[in-house]
Amino acid sequence: MSTATFERGYSALKEQIDTSIASYLQSCVHCGMCADACLFYTETGNPKYTPIYKLGPLKKVWEQEYTLLGRLKVKWGWSKPLTDADLAEWKEYVYDSCTMCGRCSMVCPVGNDLVYMIRKTREGLAAAGHAPEGLIGATTRAVKIGSPMGVKWPAVLAQIKHVEKSTGLQIPVDQANVDYLVLMSSMEVMNFPEYMEAIAKIMKSVGKTWTISSEAFEATNSGIQIGASDIAKEIVSRIVNAAEKLQVKTVISPECGHAYMAIRWEGPNLIGRPFKFKVQHILEILDDLRDQGKLKVDGTLEEARLTFHDPCQIARRGGVLQQPRNLLKMVAKNFVEMEDHGQMNWCCGGGGGVSAIEESHELRTTVFKRKKSQLDALKVEKLVTACANCRIIMEEGMEAYQMEMPMVGLTEMLAEHLPETT
Amino acid sequence: MTSADFLLMVRGPAFHLATAIFIFGILWRILEILSLGQPREHAAVRALGISGGFRTIVRRFVPAPGVFKRSMFIILAGYLFHAGFLISLFLFDPHILLFKETLGISWPGLPAPLINVSTLLGIFAMIALLINRLTHPVLKFLSGLEDYLSWTVTFLPLVTGYIAFQHLLQPYPLALALHILSIELLMIVLPFTKLMHTLTFLIARWTTGSRAAQRGIEV
Ligand code: SF4
Ligand code: SF4
């Protein structure tokens, strides 16, 4: 990152504004419905967490740069221009109290895609130097070390060895011309090696070739979470280069939600051209394999009453909605849906980089009440999800509220039901 | 100036001025928005965005599942006010006559007693919305001059219309002149406030809907 200044922040905000944003800011009727959709408002009652309010700086820049009346207002002294202090104040709203879950974008009566604007507003705050320390740290590590958690290749290799030992299967590294390049989040590498195990078992079972790249194993993109497109581009380029070098046809985005957003949807726009390979979420891959009859299960069913937590970036923002349900039906007998699920699911409270923001810790626990009440209402014994970050956050939340509930990743659960091989 | 002179003035020069500001204002504002342009989508899309955008324009008239329960008051009062206002504006015979004279097109209207009801409905819904705005923690916090100005210039045509229609103010030409004046005020204010949403919501919904549709999501 070059030196952060207010001017850089201001011009970053100015650059972000497109037709859709102008129409959103112009159309808002201040009805307040977006507040009712945001867990940071519903669980705290603090009106400052109203989604449209979080866009204050963007709105100011739009008015004073792109509307005649706004320009005149500033000139005649009727309205105060945006200041650095405004940007500093908004850190709390744009980062600490927004997981970029996009639920607000589902309810606005005039059709505003609010989270699209939050993402853009972060560009301004980051360029002006008002991003949270935790995210700056993660981003710096992602650039310098290659992973936001500071995980280096030797650590990945150690996990690979460990998984090879526990499964008796070989984990392919840097192999060209295979079917899939498999990415992971550092969190999966370090905290949930079960994911890698599951992939190894499933790939063997369905007869597909795959590889991990030593140059691009990390799927998450801190550049997107902090709002620094130049960095985001650099990070995504590592994957693009590795995939093109290994000539893979498909890159598999791991369970992690924001990684999917970063590589599947933002990636090509960041590098300014379409990818030469396909990007699919692991659940899309598995559902396709199920559809083709290649993914088979042993017929045993999970007995526990369980539900599925849709990670926001995979479901509501990513469009992977039906696949997890198809897959769950293969292995679960008592699958029930939460009242608000799929596109209307409530966030775990730690997406959008919030899990890396220390100042948000308490707030995160407060807003977890939303998920808690969803789960309490269902009386389930088990929670399935498809995002390592959601999982860690929900584990934390459950601990804080003394809830006892086993949690499992869907890929991992499917791997447990593969037919025995001889 | 007699009330007849006043009526002539608001019907003549004032109306022309208001219409000019209304039309040029809207065109200017729309141009301001459209000239910014949209970034190109490079990701491999799941579906074309164009039709998805139009579907969202329609779909957003109905709240998503679970939303009605959480935002019931604002949805109901909002719908009632819009219905009351639009029915009174477009389905009252004297208004239709005016549209015929100026635009050359006309359509059947509703009987006057029904217009009476729709106007009252609009008025009461707007009062309820104002009270809500003044008391609800979020709305109180969000609202500023523009919100109250927009409310006022929308409310006045309903009230003055009702007064003129019920002959509550004499002489009648004065009541009618005040009604027309209130419309002119609305026309002048609309392009420069959130009241522009009456048109720009189409752009907002379409862009949101098309972007989502490209990702295979119906919003
Ligand atoms: S994206 Fe989610 S957390 Fe952020 S403002 Fe919208 S509803 Fe709230
Ligand atoms: S829901 Fe939409 S119109 Fe209502 S306050 Fe939020 S952004 Fe504005």
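Predicted model: local features only at pLDDT ≥ 70, side-chain atom pairs only at ≥ 80, totals over all residues.
Put together, chain A and chain B bury about 4600 Å² between them. On chain A, 61 residues are in contact with 54 residues of chain B.

**The A–B interface: area**
- Of the area buried between the two chains, 55% is on carbon and sulfur atoms.
- Three residues stand out on the chain A side: Thr19(A), Gln26(A) and His30(A) supply 15% of the area that chain A buries against chain B, more than any other three residues.

**The A–B interface: polar links**
- You'll find 37 residue pairs in polar contact between chain A and chain B, counting pairs with both residues at pLDDT 80 or more.
- There are also 3 salt bridges between the two chains.
- Asp113(A) and Arg211(B) join side chains in a salt bridge, at 2.7 Å from N to O.

**What chain A brings to the interface**
- Helices H2 (19-27), H3 (33-37), H4 (39-42), H5 (56-66), H6 (68-75) and H15 (257-271) of chain A each give two or more residues to the side that touches chain B.
- H2(A) gives the most to that side, with 7 residues.
- Sorted by class, the side of chain A that touches chain B has 31 nonpolar, 18 polar and 12 charged residues.

**Around ligand 1**
- The residues surrounding ligand 1 come from chain A, and they include Cys38(A), Cys98(A), Cys101(A) and Cys104(A).
- Also in the shell are Phe40(A), Pro51(A), Lys54(A), Thr99(A), Met100(A), Gly102(A) and Val115(A).
- By class, the shell has 8 nonpolar, 2 polar and 1 charged residues.

Terms used: Residues numbered from 1 in each chain as written. Chains lettered and ligands numbered in written order. Heavy atoms only, no water. Contact = heavy atoms within 4.5 Å. Buried area = accessible area lost by both parts, 1.4 Å probe. Salt bridge = Lys/Arg side-chain N within 4 Å of Asp/Glu carboxyl O. Polar contact = N/O pair within 3.5 Å; in protein donor to acceptor, adjacent residues only side chain to side chain. Helix = DSSP H or I, 4+ residues; strand = E, 2+ residues; numbered from the N terminus. Nonpolar A, V, L, I, M, F, W, Y, C, P; charged D, E, K, R; others polar. Near = heavy atom within 4 Å.
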